[in-house]
Amino acid sequence: MNDFSGKNLVCVRGERTVFQGLDFKLESGGALVLVGANGSGKSSLLRLMAGLLPPAEGTITWNGEDTTEDPESHGGRLHYVGHLDAVKPVLDVAENLAFWAGLRSGGAVMAALEAFGISHLADVPGRFLSAGQKRRVSLARIVVRPAPLWLLDEPTTALDKATIKRLEGTIARHRDGGGMVVISTHSDMGLDAFQMLDLGDFS
Amino acid sequence: MCDFINIIRRDLLLALHQGMDWVMVVMFFIIAVVLFPFGVGPEPNILARIAAGIIWVAALLASMLSLERLFQTDYEDGSLELLVLSPMALEWIVLAKVIAHWLTTGLPLILAAPLLAVLLNMNTDGFLMLIAALALGTPSLSLIGAVGAALVLGSRRGGVLLSLLILPLFIPVLIFGVSAVDAAIMGYPMKAQLLILGALLLMALPLCPWAAAAGIRQSLE
């Protein structure tokens, strides 16, 4: 049973306080959906959780341990999907995915591509992919190698309805296996039993 | 260790596929050196006297060319964030990228240098020392350059800023690199210069990846 929580978090971007006094708590199998207007700090909170951004105040802990103390092992236990897809234009889809899998000691590349219905694109270079296809490659990265914590920043951008369904299924399986997920989204996603965090309440 | 090689391999693959950057670096190196005989005149003795300096300065400028892109492309497409979040320490990732950078710029420069030395009428006694000095000096250039490349991430006109930041730091490598070759040509002992070049490299090896990693973390905030 894992526990991922933040206490009294304050985020300051360019002298402007984005949010303050924010607490969250997630346990194995849990899902946290971040909502809020543009600029309310959804992406900043996800970057805080990932450790890309240090909190101005407050702490984020994993099983009681401060995540900033050992950023490498925190990085190893999470998958982050940001606004950028990190798909190299000159490498083909399988090579792109294999590199990220290789950094985390390997995984089943073809199965991950299959999970998002892009196995037929395996040998297509990244520069020929559409925005939605790139996003699918980016999402395939999170299933190729299991990690208990998924941080997804508007993962449904550019995805078609069928793929959103696949993503929902993938997230459900991830949670059944004891994983946890934090998602920021503007569109409703079909998730069961999730907590909602409105960042507008902490501005 | 496997991950370390994985990153080097990926950067080499990207360098080979993408834009032929390394070919341009070598071409720049050759053209810059070839310009000097036109500028100072084709007097063989003068050229022989300044050959080591010309080759070293051209090598510094050529290795600057591709430095800007060391982290920039990864920064722009989001790969850098994911590299930072990988279970491997960022310092090792930086070192892997620097090694890949050296293999695609420093190494081709070393291979091209003897040809240019012939062109500039350099005394043959200096050839071996030129290669040895470049082999010890160019890794330091890549390492020091990585710090600059990390610091200018996200800024516009990063390339110009990078040269202003980094070229002054290249001066020690330049001084001892050139004087090693000159000493070899004139028959003086040159062990001291090589030792200092080696010491510079040994100093840069742990310090630069550490500083560059800090710069990258800063740029992603």
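User: How many bridges join strand β4 of chain A to β5(A), and do they run parallel or antiparallel?

Analyst: Two bridges join β4(A), residues 57–62, to β5(A), and the strands run antiparallel. Keep in mind that this is a predicted model.

User: Which residue stands opposite Asp66(A)?

Analyst: Thr61(A) stands opposite Asp66(A), which lies in β5(A).

User: What sheet do these strands belong to, and in what order do the strands come?

Analyst: They belong to an open sheet of four strands in chain A. The order is β2-β1-β4-β5, with antiparallel pairing.

User: Which strands stand at the edges?

Analyst: β2 and β5 of chain A do. Each has a single partner strand, so one side of each is left without a neighbour in the sheet.

User: What holds paired strands together in general?

Analyst: Strands of a sheet pair through backbone hydrogen bonds, either parallel or antiparallel.

User: Back to β1 and β2 of chain A. How many bridges do they pair over?

Analyst: Eight, in the antiparallel sense. β1(A) covers residues 3–13 and β2(A) covers residues 16–27. One bridge pairs Cys11(A) with Phe19(A) in β2(A).

User: How many residues sit between the strands of that hairpin?

Analyst: Two residues lie between β1(A) and β2(A). In this hairpin, Gly14(A) takes a positive phi near 55°.

User: Which strands does helix α1 of chain A lie across?

Analyst: Helix α1(A), residues 42–50, lies across β1, β2 and β4 of chain A. It runs at about 125° to β1(A).

User: Now the five-stranded sheet in chain A. What is its order?

Analyst: The order is β6-β7-β8-β3-β9. This sheet is open, and its pairing is parallel.

User: And which are the edge strands there?

Analyst: β6 and β9 of chain A, each pairing on one side only. From one strand to the next, the twist averages 15°.

User: How many bridges link β6(A) and β7(A)?

Analyst: Four, in the parallel sense. β7(A) spans residues 149–153. Within it, Leu152(A) stands opposite Val81(A).

User: New topic: the two chains. How many residues of chain A are in contact with chain B?

Analyst: 22 residues of chain A are in contact with 20 residues of chain B. On the chain A side, α2 (71–76), β6 (78–81) and α3 (93–103) each supply at least two residues.

User: How does that side of chain A divide by class?

Analyst: It has 13 nonpolar, five polar and four charged residues.

User: What are the ipTM and pTM scores of the model?

Analyst: The model scores ipTM 0.89 and pTM 0.90.

User: What about chain B: what is its mean pLDDT?

Analyst: The mean is 90, and 99% of the residues of chain B reach 70 or more. In chain B, confidence is lowest in helix α1(B), residues 2–17, at a mean of 86. It is highest in helix α9(B), residues 191–220, at 94.

User: At what angle do helices α3 and α6 of chain B pack?

Analyst: At about 155°, with their axes 10 Å apart. Angles over 145 degrees count as roughly antiparallel, so α3(B) is roughly antiparallel to α6(B). α3(B) passes α6(B) in a right-handed crossing.

User: Which residues make the contact?

Analyst: From α3(B), they include Ala51(B), Ile55(B) and Ala59(B). From α6(B), they include His101(B), Thr105(B) and Leu109(B). By class, the contact has eight nonpolar, five polar and no charged residues.

User: And α3(B) with α7(B): what is the angle?

Analyst: About 30°, with the axes 10 Å apart. That makes α3(B) roughly parallel to α7(B). Here too, α3(B) passes α7(B) in a right-handed crossing. Among the residues in this contact are Ile55(B) and Leu60(B) of α3(B), and Leu130(B) and Leu134(B) of α7(B). The classes are ten nonpolar, six polar and no charged.

User: Last pair: how do the axes of α6(B) and α7(B) cross?

Analyst: They come within 9 Å and cross at roughly 150°. That makes α6(B) roughly antiparallel to α7(B). The crossing is right-handed.

User: How many residues of each class are in that contact?

Analyst: The contact of α6(B) with α7(B) has 17 nonpolar, five polar and no charged residues.

Notes. Residues numbered from 1 in each chain as written. Chains lettered and ligands numbered in written order. Predicted model: local features only at pLDDT ≥ 70, side-chain atom pairs only at ≥ 80, totals over all residues. Pairing = 2+ DSSP bridges. Contact = placed C-beta atoms within 7 Å. Nonpolar A, V, L, I, M, F, W, Y, C, P; charged D, E, K, R; others polar. Axes fitted to C-alpha atoms, helices over the stretch in contact; angles between N-to-C directions. pLDDT = per-residue confidence, 0-100. Parallel < 35°, antiparallel > 145°, perpendicular 65-115°, else oblique. Left-handed = near helix turned anticlockwise from the far one by under 90°.
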